Amino acid sequence: MGLSSSVSTVSATGAAPNIQSQVVAPGDAQPDTVVGGGGGGLPTALNILAFWDTSRGTVIPLRQGNPSGFGKTHIESKHQLYNMNLVAATFARGQSEPDPNRANRWVFTADWVNTYGRTIQIVAVESQSHTGVVGSTSYPLSDPFGVVTAYCQTIQGVYMPTCPLWVNDTSFSPLG
């Protein structure tokens, strides 16, 4: 699973190549297969929008999330990273290592260059926990929790609170 080594670009607006499933647009009907991950009395924040392959050989869900904590909504609202194809490709191609501060979490890092020669490092975090917390309530999950966050750094590893706008507007290739 994951992206093949022949993948050369990731589009900001087009389909991400060879990614198992794509983000479901807001308002679109959710497939029946997500009922265990987002139905059955779970809050909307835990709804599953897509399943992504990782370079570790696992498949993780992208959940709707919320602005202050996790998932697609958090990535977009806090870090201004709207290019979900780039986030998915970071999970699929990135270097991964266990999070030294949190059990059951993995951190993925990938360096990218856009069509204009600008470079960016994307850091993406996933959790293998089978518990979702929204507010102060814990919910058991049938799938791993999945995507926690993703954000931008310079190639030198300097954290950027928000991603530059150009990250969302161009196509990228792996750097190196």
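Along the sequence, the protein chain reads α-β-β-α-α-β-β-β-β-β-β-β-β. That gives three helices and ten strands. Helices (H or I, at least four residues) and strands (E, at least two) are DSSP runs, numbered from the N terminus.

Some ground rules. This is a predicted model, where local features need pLDDT of at least 70, side-chain atom pairs count only at pLDDT 80 or more, and totals for chains, interfaces and linings use all residues. Residues are numbered from 1 along each chain as its sequence is written, and side-chain values use heavy atoms, with hydrogens and water left out.

Now the whole chain. It has 176 residues, and 48% of them count as buried. Buried means under 20% relative accessible area, exposed over 50%, partly exposed in between (1.4 Å probe, protein chains only). Take the contacts with a separation of 6 or more: 56% of them join residues 24 or more positions apart. Contact means heavy atoms within 4.5 Å.

Next, E76. Helix α2, residues 71-79, holds E76. Is E76 buried or exposed? Buried, at 18% relative accessible area. Its side chain makes a polar contact with the side chain of K72, at 2.9 Å. A polar contact is a pair of N or O atoms within 3.5 Å; within protein, one must be able to donate a hydrogen and the other to accept it, and residues adjacent in sequence count only if both atoms are side-chain atoms. Beyond four places in sequence, E76 touches L81, Y82 and M84.

Last, T162. T162 sits in the loop between β9 (159-160) and β10 (172-174). T162 is partly exposed, at 36%. Which residues beyond four places in sequence does T162 contact? K78, H79 and Q80. T162 and Q80 are 82 residues apart along the chain, yet their C-alpha atoms are separated by 5.5 Å.
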